[in-house]
Amino acid sequence: MSASYQAVLWNRQKKHYDWLIFAFCTSYLAVFTSVTLVYNPQVTFETLLIRSTSTLALLLLHVILSIGPLTRINKKFFPLLYNRRHLGVTMFCIAAVHGLFSILQFHTLGNVNPIVSLFTSNTRFDSVSAFPFQALGFFALVIFFLMAITSHDFWLHNLSPKVWKTLHMFVYLAYFLVVMHVLLGVIQYETNPVFVIILVLGSGALITLHLVAGFQETKKDNIKFHLQRESFVMVCDVNDIEEDRAKMFCLDKERIAVYKTDGKLFAVSNVCKHQNGPLGEGKVIDGCITCPWHGYQYLPHNGQSPPPFKERISTYDVKIEESKVWVNPVPYPEGTERPGAIITINQKEEMFV
Amino acid sequence: MVVQVIILIVGIYILGGVLFAVPFVIKGVTEVDEGTHGTKLGFRLIIIPGTIVFWPFLLSKWIKSNKKHD
């Protein structure tokens with residue numbers, strides 16, 4: 001969390017994932033190079049480098065954009081999320097090699113500044129087959145660069161989570177630019193349909209995943225809770241919630257996580273202060289609600305991160321009546337202590353009746 | 001011509017960022033964010049590219065934090 005920063009947050013698991021990324025990238029580049037040399041022995045080193053890095057970066061971009069919806073569809077994908085930032089920075093570095101060598105190969109042979117040449121050597125914006133597609137790739141690379149340099153928690157904290165998240169949502173604009181860069185670039189002169197097929201399959205899979213995940217979330221958010229009494233809303237039975245776990249409810253457009261731990265129920269905001277992670281999908285570890293995304297922790301009774309950390313989330317009143325859980329959707333100021341609702345033995349036993 | 005002017009402006013902006021980044025990562029960062037106290041060289045190096053890009057924003061935060069301490 002935000003007590004003190006380190007250059008890179010490496011633990012055993014993250015190191016394992018980073019080695020996996022490294023092994024995958026080097027294997028991909030080796031296989032791509034070998035296959036290309038077999039089928040096209042005349043290929044130059046620059047062309048080989050430009051093509052291998054472009055396809056690898058595009059593949060990684062698809063993986064990165066799939067991780068978010070996959071974790072919303074199935075919790076088993078959460079481990080991928082822990083390492084998404086490292087994967088993003090890796091993807092940027094590979095895309096940067098592609099961009100750099102493309103500029104070197106196509107824009108450094110004349111006496112014009114290479115960047116000026118990139119934007120002025122081709123201005124046929126009205127043509128599909130000869131569109132200046134390189135500029136699209138350049139702007140996508142600028143977005144990936146901004147995302148890579150702000151990937152550290154220092155930037156999340158100092159730019160504010162809202163600005164940081166907005167900046168990183170530009171990845172979808174970058175993806176669109178990349179798709180157009182490929183469609184108006186290599187696909188215009190490449191006769192092999194494999195490029196079109198791969199791109200269509202990749203984009204189709206991404207769109208489907210996002211639609212499925214979005215549909216599931218909307219369905220959850222739109223559940224109506226009809227039974228209301230004195231500002232409290234009945235949300236579920238106390239036995240519907242597993243020990244040290246939570247259930248998430250959307251009340252008055254607020255996502256609230258109701259946690260069961262240590263013989264009590266506590267209601268807190270479902271939104272983690274770090275990257276808006278879904279706290280209700282986490283669990284209680286060492287007495288703290290732990291975000292499933294990056295492990296940020298909060299005390300259930302007051303929504304405060306344990307010292308020396310300083311994050312705070314809203315808390316809510318919760319009560320139990322005849323084994324039914326009632327939540328008041330009016331939030332208390334972030335970090336406000338609430339007593340929670342004590343679960344009596346009778347309420348626990350009712351599930352066995 | 002327009003492209004050349006834009007590149008010149010971006011170049012000057014980046015130069016300003018480079019000049020700002022040196023004192024900022026040495027001293028300013030600890031005044032802007034108390035979580036950076038005691039951080040090692042690796043962390044300070046890793047925030048340099050971002051500092052060069054977002055230097056006007058960080059400069060304003062640094063000035064505000066100085067005013068608070070005065």
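Start with the two domains of chain A: their C-alpha centres lie 39 Å apart. Select residues 12-220 for domain 1 and 228-352 for domain 2; these bounds come from an automatic or database domain assignment. You are looking at a predicted model, in which local features need pLDDT of at least 70 and side-chain atom pairs count only at pLDDT 80 or more, while totals for chains, interfaces and linings use all residues. Residues are numbered from 1 along each chain as its sequence is written, and chains are lettered from A, with ligands numbered from 1, in the order in which they are written.

**Where the domains meet**

Seven residues of domain 1 of chain A are in contact with eight residues of domain 2 of chain A (contact: C-beta atoms, placed from the backbone, within 7 Å). On the domain 1 side, select helix H3 (78-82) and helix H8 (161-169) of chain A, which each supply at least two residues. H3(A) gives the most, with three residues. Helices (H or I, at least four residues) and strands (E, at least two) are DSSP runs numbered from the N terminus. By class, this side of domain 1 has four nonpolar, no polar and three charged residues. Here Ala, Val, Leu, Ile, Met, Phe, Trp, Tyr, Cys and Pro count as nonpolar, Asp, Glu, Lys and Arg as charged, and the others, Gly among them, as polar.

**All of chain A**

Zoom out to chain A, which has twelve helices and twelve strands. Its C-alpha trace spans about 80 × 40 × 35 Å along the principal axes. Of the 353 residues in chain A, 29% are buried (buried: 20 or more other C-beta atoms within 10 Å of the residue's own, with C-beta atoms placed from the backbone; exposed: 12 or fewer; partly exposed: in between).

**Two stops among the strands**

Next, show the open sheet of four strands in chain A, with the order E1-E2-E11-E10 and antiparallel pairing. Two strands pair if DSSP finds at least two bridges between them. At the edges are strand E1 (228-229) and strand E10 (318-321) of chain A, each pairing on one side only. E10(A) pairs with strand E11 (residues 324-327) of chain A over four bridges, and here Ile320(A) stands opposite Val325(A).

Now select strand E3 (residues 245-251) and strand E4 (residues 254-261) of chain A, an antiparallel pair with seven bridges. Met248(A) faces Ala257(A) across this pair. The two strands form a hairpin with two residues between them, and Asp252(A) in the turn has a positive phi of about 50 degrees.

**Over to chain B**

The end C-alpha atoms of H1(B) span only 37 Å, whereas a straight helix of 31 residues would span 45 Å (1.5 Å times one less than the number of residues).

Finish with the buried residues of H1(B), which include Phe24(B), Val25(B) and Val29(B). The buried residues of H1(B) pack against helix H7 (153-159) of chain A, together with H2, H3 and helix H4 (55-69) of chain B.

Technical notes
Two residues are in contact if their C-beta atoms, placed from the backbone, lie within 7 Å.
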